[in-house]
Amino acid sequence: MTAHTSSAPDVTPGGEPVERQAVAEGISIAAAFMLVILAVVSILEGISAIVDDKLYVAGIEYVYEFDTTTWGWIHVVLGAVALICGLGLAIGSTWGRYGALGIAALVIVANFMSLPYYPAWSIVVIALSVVTIWAVSTWRPER
């Protein structure tokens, strides 16, 4: 019988280098802060729609047409849930991480659907949501 020898070194999985854990922790904290900022912006967007309907463009024909007050309440509710998920993510909970991904995706959809009413604000919120999803997705606490 012949012994199988390999030229590659035998690498046994060991502990994660401290630098990688520090980067992961930094990304998770940044994602939590981005989600909290996203939540605050979404809540402010909703409040402005509820308080002053004239701030938004009205009278356009659009498939996802709701009253601006309805869009305001949708954004306030999504912002409140995003705030809770952001705080959960900040403390490092698993539900906060998955909740952050889900709520950021819902915020993207809601802002895409309300894009004709306030395009500049919606684009800013969509961009923040995409960056939040990226940051949460790149953080791997199990490694």
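Tutor: Helix H2 has 23 residues, and its first and last C-alpha atoms are 32 Å apart, close to the 33 Å expected at 1.5 Å a residue. The expected span is 1.5 Å times one less than the number of residues. Helices are DSSP runs of H or I with at least four residues, strands are runs of E with at least two, and both are numbered from the N terminus. The model is predicted, so local features need pLDDT of at least 70 and side-chain atom pairs count only at pLDDT 80 or more, whereas totals for chains, interfaces and linings use all residues. Residues are numbered from 1 along each chain as its sequence is written, and side-chain values use heavy atoms, with hydrogens and water left out.

The buried residues of H2 include Trp71, His75, Leu78, Ala82, Cys85, Gly86 and Leu89. Buried means under 20% relative accessible area, exposed means over 50%, and partly exposed lies in between, with a 1.4 Å probe and protein chains only. An α-helix has 3.6 residues a turn, so residues three or four places apart point the same way. Thr69 also has its place in H2, but Thr69 counts as partly exposed because its relative accessible area is 22%. Between Thr69 and Ile47 there are 8.9 Å from C-alpha to C-alpha, and the two are 22 residues apart in sequence. After H2 comes Gly92, which has a positive phi near 90 degrees.

The largest nonpolar core has 19 residues, of which Leu35, Leu89, Ile103 and Val107 touch the most other members. At least two residues of this core come from each of H1, H2 (68–90), H3 (94–113) and H4 (119–138). H1 supplies the largest share, eight residues. Such a core is a set of buried Ala, Val, Leu, Ile, Met, Phe, Trp, Tyr and Cys residues joined through side-chain atoms within 4.5 Å. Beyond its neighbours within four places in sequence, Leu35 is in contact (heavy atoms within 4.5 Å) with Ala82, Cys85, Gly86, Ala100, Ile103 and Thr132.

Ser48 lies in H1, residues 18–51, and is buried because its relative accessible area is 19%. The side chain of Ser48 reaches the backbone oxygen of Glu45 at 2.8 Å. Ser122 belongs to H4 and counts as buried because its relative accessibility is 0%. Apart from residues up to four places away in sequence, Ser122 touches Glu45, Asn111, Ser114 and Leu115. Val125, Ile126, Ser129 and Thr132 are among the other buried residues of H4. The 20 residues of H4 should span 28 Å at 1.5 Å a residue, and the end C-alpha atoms are 29 Å apart, which agrees.

For the chain as a whole, there are four helices and zero strands, in the pattern α-α-α-α along the sequence. Buried residues make up 33% of its 143 residues. Of the contacts with a separation of 6 or more, 71% join residues 24 or more positions apart. The mean pLDDT, the predictor's confidence in each residue on a scale from 0 to 100, is 77 for the chain, and 71% of the residues score at least 70. Confidence is lowest in H1, with a mean of 80, and highest in H3, with 89.

Methods
A polar contact is a pair of N or O atoms within 3.5 Å; within protein, one must be able to donate a hydrogen and the other to accept it, and residues adjacent in sequence count only if both atoms are side-chain atoms.
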